[in-house]
Amino acid sequence: MQCKQFKKCGACRFQSDEYEKQLAYKQNGLNNLLSEFSKVERIIPMENPFNYRNKVQCAFYFDYRKQKCSSGVYQSTSKRIIPIDYCMLDDKGADDIIISIRKLADDFKLRPYDIKNKSGFLRHVLIRKGFKTGETMVVIVTASPVFPSRNNFVKALLKRHSEITTIIHNVNPTDTNLILGEQSHILYGKGYIEDILCSCTFRISPASFYQVNPVQTEKLYNMAIEFAEIQKDDAVFDAYCGTGTIGIIAAKKAGQVLGVELNEKAVNDAVSNAKKNDIKNIYFIEADATKLIDDLAKEKEHFDVVFMDPPRAGASREFLLSLLKLKPKKIIYISCNPKTLARDLKILTKKDYTAEKIQGVDMFPFTEHIETVVSLKRKD
């Protein structure tokens, strides 16, 4: 199975390699970067490494040669749109919906946006799917808030795809790399979807952070919880908590959980998720994690376990130094970038902590990316 466009797209670095060869490459990379800290366990593979993405997005453009609306993905090295109908990593149903929207755009004479001329209407489509619930969200991103024949367009799309549970119109008039704009209107359904992860139900809004591979995410989170060895009276701190996924899962075992997140919308989703799962021993604060941890350390607040899942850039030095002042018994570091993970582990293991376990999870088959979870234990 090979995509015809992979050389132009550039996203799937290992497109032409057998899956076992991909895993060997990633394992070697983890070993080289992290074996100085502890033994690196064998990467947990994916049983079926295809069509795993539950979040699919595309950009639209007008094909002047064919005189019709086309869609694709941005080339990894430029702003050029590479036309793609089906991606071997995408949920196939999501790709089917994109093709339907493309055809309807022509039927309804909705011209794709031209970033050079700053003209046109249709910019992007974002589709999110609940892996276990089957709920499907479609976010139509346009340059203008005026959506011609909006109701008829929605009816036509639902007629072709009855599996769609909500449709949102998002407006992004700015020339930016961001897909979504600030303004959204619900055209159909409740404006969000729900999915089940590790036996917990989570609300997913258009801009919510939610891992794109739910099958491997369950393995990753279960591994993180296992590494943490949470006791029933433990106080747990969830830094970079997002919509509360790992904290809510951990709360089932802990005495109390505190989650911190800078994004207001994510905090609102986290609060809603806790209520939906009837979790009453978790609390969320909208704040900068570095400052909050520093304040908690100064106040001599005690936490037994800290979960941290920073962005690809890793944690800041200030955050790590504040974390060392907090002195938790255990730190569970979930990382999507082994290079920044290695950098941060050097700070954490310099004096106070020892890396007990290191486990890679292949969340992104056919790409060079890998998720890693590390368990660190305080020496004293």
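**F307 and its surroundings**

Tutor: In this predicted model, F307 touches A224, I225, A228, I230, V236, F237, D238, A239, I246, A250 and I332, when residues up to four places away in sequence are not counted. F307 belongs to the largest nonpolar core, which has 94 residues. Within that core, L34, I230, F237, F307, M308, F319 and L376 are the residues that touch the most other members. Two of these, I230 and F237, are also in the list of residues that F307 touches. Among the elements of the structure, helix α5, residues 214-228, gives the most to this core, with seven residues.

Leaving aside neighbours within four places in sequence, L292 is in contact with F237, V260 and I285. The relative accessible area of L292 is 13%, and L292 therefore counts as buried, the cut-off being under 20%. As a matter of scale, L292 and K92 lie 200 residues apart in sequence, and their C-alpha atoms are 42 Å apart in space.

We now turn to the sheet. An open sheet is formed by seven strands in the order β12-β11-β10-β13-β14-β16-β15, with mixed pairing. At its edges stand β12 (282-286) and β15 (353-361); each has a single partner strand, so one side of each is left without a neighbour in the sheet. On average, neighbouring strands of this sheet are turned by 15 degrees against each other, direction ignored.

Within the sheet, strand β14, residues 330-335, pairs with strand β16, residues 371-378, in the antiparallel sense over six bridges. I331 has L376 in β16 as its bridge partner, and L376 is one of the core residues named above. Helix α10, residues 338-348, lies across β14, β15 and β16 and runs at about 160 degrees to β14.

Two packed helices are described by the angle between their axes and the distance between the axes. For α10 and helix α9, residues 317-326, the axes come within 10 Å and cross at roughly 35 degrees. This crossing of α9 and α10 is right-handed. On the side of α9, the contact involves R317, L320, L321, L323 and L324, which meet D344, I347 and L348 of α10. By class, the residues of this contact comprise six nonpolar, no polar and two charged.

The axes of helix α3, residues 92-107, and helix α4, residues 150-160, come within 10 Å and cross at roughly 145 degrees. The crossing of α3 and α4 is right-handed. I97, S100, I101, L104, A105 and D107 of α3 make this contact with F153, A156, L157 and R160 of α4. Seven of the residues in the contact are nonpolar, one is polar and two are charged.

Strand β8, residues 193-197, pairs with β9 in the antiparallel sense over five bridges, and I193 stands opposite I204 in β9. Two residues lie between the strands of this hairpin, where C198 takes a positive phi near 50 degrees. In a regular strand the side chains alternate between the two faces of the sheet. Strand β9, residues 200-204, has C200, F202 and I204 on a covered face, and T201 and R203 on an uncovered one.

Note on methods:
Residues numbered from 1 in each chain as written. Predicted model: local features only at pLDDT ≥ 70, side-chain atom pairs only at ≥ 80, totals over all residues. Heavy atoms only, no water. Axes fitted to C-alpha atoms, helices over the stretch in contact; angles between N-to-C directions. Helix = DSSP H or I, 4+ residues; strand = E, 2+ residues; numbered from the N terminus. Left-handed = near helix turned anticlockwise from the far one by under 90°. Contact = heavy atoms within 4.5 Å. Nonpolar A, V, L, I, M, F, W, Y, C, P; charged D, E, K, R; others polar. Core = buried A, V, L, I, M, F, W, Y, C linked by side-chain atoms within 4.5 Å. Buried < 20%, exposed > 50% of the residue type's maximum accessible area, 1.4 Å probe, protein only. Pairing = 2+ DSSP bridges.
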